Amino acid sequence: ASELAEGVWRRVALGHGLKLLTKNGHVYKYDGFRESEFDKLSDFFKAHYCLELAEKDLCVKGWNWGTVRFGGQLLSFDIGEQPVFEIPLSNVSQCTTGKNEVTLEFHQNDDAEVSLMEVRFYVPPTQEDGVDPVEAFAQNVLSKADVIQATGDAICIFRELQCLTPRGRYDIRIYPTFLHLHGKTFDYKIPYTTVLRLFLLPHKDQRQMFFVISLDPPIKQGQTRYHFLILLFSKDEDISLTLNMNEEEVEKRFEGRLTKNMSGSLYEMVSRVMKALVNRKITVPGNFQGHSGAQCITCSYKASSGLLYPLERGFIYVHKPPVHIRFDEISFVNFARGTTTTRSFDFEIETKQGTQYTFSSIEREEYGKLFDFVNAKKLNIKNRGLKEGMKQSYDEYADSDEDQHDAYLERMKEEGKIREENANDSSDGSGEETDSSFNPGEEDDDVAEDCDPSAPLPGLQLDCWGMQRRAEPGPEVSGEGCIGVPWVFSTPQSKKGKDPNAPKRPMSAYMLWLNASREKIKSDHPGISITDLSKKAGELWKAMSKEKKEEWDRKAEDARRDYEKAMKEYSVGSKADSHRGERSKKKKKKQEKQVKGKGDKKGATSKSSSSKSPAKGMSDSFKSKEFVSSDESSSAESKKEDSEDEGAASPPPSSEDSASGSD
């Protein structure tokens, strides 16, 4: 009775409750009372404890702005005179400060399914000089909280170590019972009791080392939880370390595992000190070796690339995010085909809880080593039969990499060169004809028959998109799809084929050798298929000595020189032929224009007679008004040229002659 300082009666979730505060700061709470029992308890407290049982209700307004009071072991958050909630400071495990902010972290309650882990308080700045309200708040909490205190000096300190998770550079202070990570922004105190495992893993480049510390419960920063502490060391970095203890204390505490003065690689010193203090073994990779000789496999997990280490009792992936999977947690593994390329595959792991991990983009060469490792560990492989067959197919294609000879590729290259040359030749020879526009006034562009849809239609022009546009309304033309259609697609003119007189391209050294050796390979391997023959030829060519290859290279060089010489002669001859052809073509067109001009003029002077025979006009090409006028002008010019060449002008035809001619 003499220890009681205060008694409070209030309504709680289970009816009513009683809170007792002692003079030494302890708090005791009882609930389950009925409202009718208040009078009886109040009289009892007055008679036996000389205390007035105060009646205080909790504030249920839902406001988050109030006053904090520290009373004994309690932090009480009040609005006015009514408390909103109370925090026993003995449950606080960590107190960190920021700008105008204090964060309280709590011990994890393993007996409860859900437990409060963190509360943040915003402390407004005040005008008082010399007093920081944030620091004052934190000191009040730390004075009563069950927080790990850095009492005494650290055993040793490692300065500016590179940490991958949480990212940054930290000073690591080693204390007898906990590990202190001190960075520019954050501080973490990690008790050794929360350390589950230690891993020392060599990087694939053989110049760096990962030191991984597995934690449970994890360290927290806001909403982020770090279950692994990953340090990265360079193998070349050395250190001389002196423990802040005398030799007798070192010998008594660590029993020869550590000495007062030590020197060596930085990663060795850190791992050695951690092993002695945590008293746990350090896990290193087992006897697994990948395709490149490394003890890990390069792969991707989620969006990041990292390293997968097959261990003796599990897999560990570093570094973002770190994943550790024990063999006894695995339900089965699965080898899956890569989604983007056939040069890689995916390795899937499903745990007994149903969680699936997919490590993708693993090089094809790692398949055999990883499959043998998983098989040796007696893990359940989901698609064992398929993968064993897949392993054989990988072996079959093992010698078909880019750096080795491929006969099929050689043949495709030769055919590609020939096709390219054909395209160049045809474009050089037919460039003018392909780009020429439709000229209805010229006689060589005859009106196509109705059944030919690829030829231009009467009264239509060819526009720049390869479509026919009606220049001017003309007479109705019989034919399918010809009348009333303003746009008609025309089939482009086909390119000329390759000139049979052109010199043939020279063959490569391999193709010359293959043509000479094909019959011998067939005789040595009766019934061999074309594909197998090409593959066999590639193997023989690859195994051929350098001297023999040089002999075929010389033959290929001679063939190339002969081809270049023949090509020069051919190009000179073809140019001369093209010039002669152009001159003869121009002369022929000139003569045709002269004949056509005379006929057009006769037809213009006898309109009545020409209108009597529309069928004859249909047999020739139809001309709209503007094209008729242009033809008359051109025919007049051509007639003038003819008269100048002959030296005398011919007399104009009489009306009787024109009429008789038209009849």
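**Exercise 1. Find the residue with a positive phi that follows helix α5, then list the buried residues of that helix.**

Start at the end of the helix: Lys378 follows α5 and has a positive phi, near 60 degrees. Helices here are DSSP runs of H or I with at least four residues, strands are E runs of at least two, and both are numbered from the N terminus. Before going on, note that this is a predicted model, in which local features need pLDDT of at least 70, side-chain atom pairs count only at pLDDT 80 or more, and totals for chains, interfaces and linings use all residues. Residues are numbered from 1 along each chain as its sequence is written, and side-chain values use heavy atoms, with hydrogens and water left out.

Now step back into α5, residues 367-376: its buried residues are Tyr367, Gly368, Leu370, Phe371, Phe373 and Val374. Buried means under 20% relative accessible area, exposed over 50%, and partly exposed in between (1.4 Å probe, protein chains only).

**Exercise 2. Work out which strands stand at the edges of the open sheet of eight strands.**

First, write down the order, β14-β13-β12-β11-β17-β16-β15-β20, and note that the pairing is mixed. Next, look at the ends: β14 (187-191) and β20 (282-283) each have a single partner strand, so one side of each is left without a neighbour in the sheet. Two strands pair if DSSP finds at least two bridges between them. Finally, check β20: two bridges join it to β15 (residues 195-202), and the two strands run parallel. Phe199 stands opposite Thr283 in β20.

**Exercise 3. Describe the hairpin of β6 and β7.**

**Exercise 4. Are Ser360, Glu247 and Glu268 buried, partly exposed or exposed?**

Take Ser360 in strand β27 (residues 356-363). Its relative accessible area is 19%, so Ser360 is buried. The C-alpha atoms of Ser360 and Ser300 are separated by 5.1 Å, although the residues are 60 apart along the chain.

Move to Glu247, in helix α3 (residues 247-254). At 55% relative accessibility, Glu247 is exposed. Its C-alpha atom is 5.9 Å from that of Lys260, 13 residues away along the chain.

Finish with Glu268, in helix α4 (residues 266-278). Its relative accessible area is 39%, so Glu268 is partly exposed.
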